[in-house]
Amino acid sequence: MDKQPKSKKPEESDPDHPYSIPGWDDMLEEAFSAYKGTYIAGRVAAQHKTVCDILIPGAMVQAAISGAMRRIGKQPVVGDFVVLLDQAELSSYTIVDILPRKTCLARGSPGDSSEEQVIAANINTIFIVTAVGKDLNLRRLERYLTIVHSSGAKPVILVNKIDLADDPEQVIEETKEIAGDVPVIAISALSKDGLEALIPYINTDETVALIGSSGVGKSTLINAFFGEDLQKTNDVREDDDKGKHTTTVRQLFLLPNGGIFIDNPGIREIQLGDSSEGIDRTFSDIADLSNSCRFKDCTHHNEPHCAVRNAVQNGLITQERFDSYHKLMNEAAFQSEKAEIGLKRLEKKKYKGLSQTARKYREYTGK
Ligand SMILES: Nc1nc2c(ncn2[C@@H]2O[C@H](COP(=O)(O)OP(=O)(O)OP(=O)(O)O)[C@@H](O)[C@H]2O)c(=O)[nH]1
Ligand SMILES: [Mg+2]
Ligand SMILES: [Zn+2]
């Protein structure tokens, strides 16, 4: 049977239709079909204190979050597709709903709060950017990989500032050792060397986000792709290569080919969220070996006949990687415990509410 070319629906070339919003697809169209009348669709391009910049068909507008959404703690993030109430008479827009997220980059909450903090949504590929020099830290990369694997987006590791490396091949080899099947690409955002290897990840209607420490060159890379200085960049400190937190607002940019980039502020330290699946994928060597441990639920601490500890003893897995695995496992366990306690607190609250009702009922009926 002959393959028919996919015919374009008329609305896909209509500049006023949501299909003109970068990244819009049939699933979103379906979800949005529940809204009729004065609602329009958009995508969050940047988040400010009280308002968001939103891409709508043919324009960029600002919108505030509805009181109802704020009350239930629903917070749109960059990359979200949202439903807006178009109050043309007031020339204002209000975000009233968030359409289902396909992927969700989140980190653990600091302190007592039990909820994960969503950083950005609907990302296809995440470039984990690191730089040659003091930033390059394999343990930190394992942490990033865990978070990105948990997000549902595809990770790619970029080793930037390769122009500064004495032995570039050695740096790439070392990084590949912890990367599993994640691509590791050497680039120089400043001289634009190696950028052609990134082109396969930058496709029409696909969103690429950049994460990494301050000063690794995320904004320089954005500028390289756009061929102009869209984003401000700044020197790193000479003594420790650390950046100066130049980018302060997470922001979405559109490439002429239809690709979408999200530049992020540099992250000081990122806590894990609910990441046990991400850990298994990041440490797939350990996950595979654990099938050969004597106990199915071996924690690889001190159980006898542990294939993972044997591999460490035989030098197949480095002690540092093994320690990093346990550290991240402990952190993920702590996060899910916090989430559980949060849930219990919530249930207790509901239960309290119920017993009060029961008490009132008792008073009322005299029973
Ligand atoms: N030698 C060299 N320097 C680079 C390269 N890429 C970026 N830089 C420099 O590194 C410094 C930091 O770059 P930025 O792009 O501001 O870093 P960033 O990751 O956006 O930093 P934050 O916005 O603070 O998170 C700047 O001085 C850049 O010129 C590179 O490939 N080689
Ligand atoms: Mg920046
Ligand atoms: Zn084991």
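Here are a few notes on aromatic pairs and an annotated site in this predicted model.

1. Start with the rings. Counting pairs whose ring centres lie within 6.5 Å, the model has nine aromatic pairs. Take Trp24 and Phe81: their ring centres are 5.9 Å apart and the planes sit at 75°, so this pair is edge-to-face. It joins distant parts of the chain, since Trp24 is in the segment before helix H1 (26-32) and Phe81 is in strand E4 (residues 81-87), 57 residues apart. Both Trp24 and Phe81 are buried.

2. Another pair worth a look is Phe283 with Tyr325. Here the centres are 5.5 Å apart with the planes at 75°, so it is edge-to-face. Phe283 belongs to the loop between helix H6 (276-282) and helix H7 (284-289), while Tyr325 is in helix H9 (residues 319-365), so the pair ties together parts 42 residues apart in sequence. Phe283 and Tyr325 are both buried.

3. Back to Trp24 and Phe81: together with Phe32, Tyr35 and Tyr39, they make up one aromatic cluster.

4. Now the annotation. An unreviewed UniProt entry lists Cys293, Cys298, His300 and Cys306 under "binding site". Cys298 sits in the loop between H7 and helix H8 (307-313). With a relative accessible area of 10%, Cys298 is buried. Leaving out residues up to four places away in sequence, Cys298 touches Cys293, Glu303 and Cys306.

5. His300 is in the loop between H7 and H8, and at 3% relative accessibility it counts as buried. Setting aside neighbours within four places in sequence, its contacts include Cys293 and Cys306, as well as Phe322, Tyr325 and His326. Tyr325 is the ring paired with Phe283 in point 2.

Conventions: Residues numbered from 1 in each chain as written. Chains lettered and ligands numbered in written order. Predicted model: local features only at pLDDT ≥ 70, side-chain atom pairs only at ≥ 80, totals over all residues. Heavy atoms only, no water. Phe/Tyr/Trp six-rings, centres within 6.5 Å; stacked < 30°, edge-to-face > 60°. Helix = DSSP H or I, 4+ residues; strand = E, 2+ residues; numbered from the N terminus. Buried < 20%, exposed > 50% of the residue type's maximum accessible area, 1.4 Å probe, protein only. UniProt positions renumbered as here; feature names shortened; annotations may be inferred. Contact = heavy atoms within 4.5 Å.
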